[in-house]
Amino acid sequence: MNITKDITLDDMLGITAKDLEKELVMMNLLALNYKLVKELTDTAKYVQKIFDEFGKGVILCGLRTLEWDQGVKNRQYVSYHTQGRAVDIYIPGVELSEVANWAKKHLPPVECIIYEKENFIHLAW
């Protein structure tokens with residue numbers, strides 16, 4: 001199911017999740033409230049704008065369950081990922097700082113965290 005021209009619901013659920021986990025998340029997502037679906041859709045639209053500017057990238061992590069989020073190392077808070085308001089991406093051949101600077105200038109107020117060592121950028125709205 002496409003949310004934007006290049007981004008599917010499956011992309012937003014994250015490529016690192018097991019297929020069964022994705023299915024369970026998707027079933028729960030459909031049963032959840034309108035706000036979560038809207039936030040997830042808005043996030044996908046923002047990411048699409050980035051892909052339109054720099055070329056199609058890879059969504060490493062979109063929506064997370066609370067259980068998955070609590071398993072992230074050094075986590076002391078609940079991530080925006082659990083609300084559909086965050087995404088981790090990378091775009092091959094594009095500097096992370098260039099993406100972060102563009103996002104801050106052209107998208108609604110955005111939190112940009114660059115993970116140089118892991119080669120991705122975290123974006124949250």
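Colleague: Which residues is H81 in contact with, leaving aside its neighbours within four places in sequence?

Modeller: In this predicted model, H81 is in contact with C61, G62, L63, R64, A86, V87, D88 and H122. Contact here means heavy atoms within 4.5 Å. H81 itself lies in the loop between α4 and β2.

Colleague: Why does H81 count as buried?

Modeller: Buried means under 20% relative accessible area. H81 has 1% relative accessibility, so H81 counts as buried.

Colleague: Let's turn to a helix. What are the buried residues of α5, and how do you know that they line one face of the helix?

Modeller: Helix α5 covers residues 96-106, and its buried residues are L96, V99, A100, W102 and A103. Seen down the axis of α5, they fall within an arc of 165 degrees, so they line one face. The face turned away from the buried side of α5 carries the exposed residues N101, K104 and K105. Among the elements that cover the buried residues are α3, β3 and β4.

Colleague: Where is confidence highest in the protein chain, and where is it lowest?

Modeller: Confidence is highest in α5, at a mean pLDDT of 97, and lowest in helix α2, at 63. The protein chain averages 85.

Colleague: What makes I50, I89 and L123 stand out in the largest nonpolar core?

Modeller: Of the 29 residues in that core, these three touch the most other members. Helix α3 gives the most to the core, with eight residues. As for I89, its contacts include V47, I50, F51 and L123.

Methods: Residues are numbered from 1 along each chain as its sequence is written. This is a predicted model: local features need pLDDT of at least 70, side-chain atom pairs count only at pLDDT 80 or more; totals for chains, interfaces and linings use all residues. Side-chain values use heavy atoms; hydrogens and water are left out. Buried means under 20% relative accessible area, exposed over 50%, partly exposed in between (1.4 Å probe, protein chains only). Helices (H or I, at least four residues) and strands (E, at least two) are DSSP runs, numbered from the N terminus. The arc is that of the directions from the helix axis to the C-beta atoms. pLDDT is the predictor's confidence in each residue, from 0 to 100. A nonpolar core is a set of buried Ala, Val, Leu, Ile, Met, Phe, Trp, Tyr and Cys residues joined through side-chain atoms within 4.5 Å.
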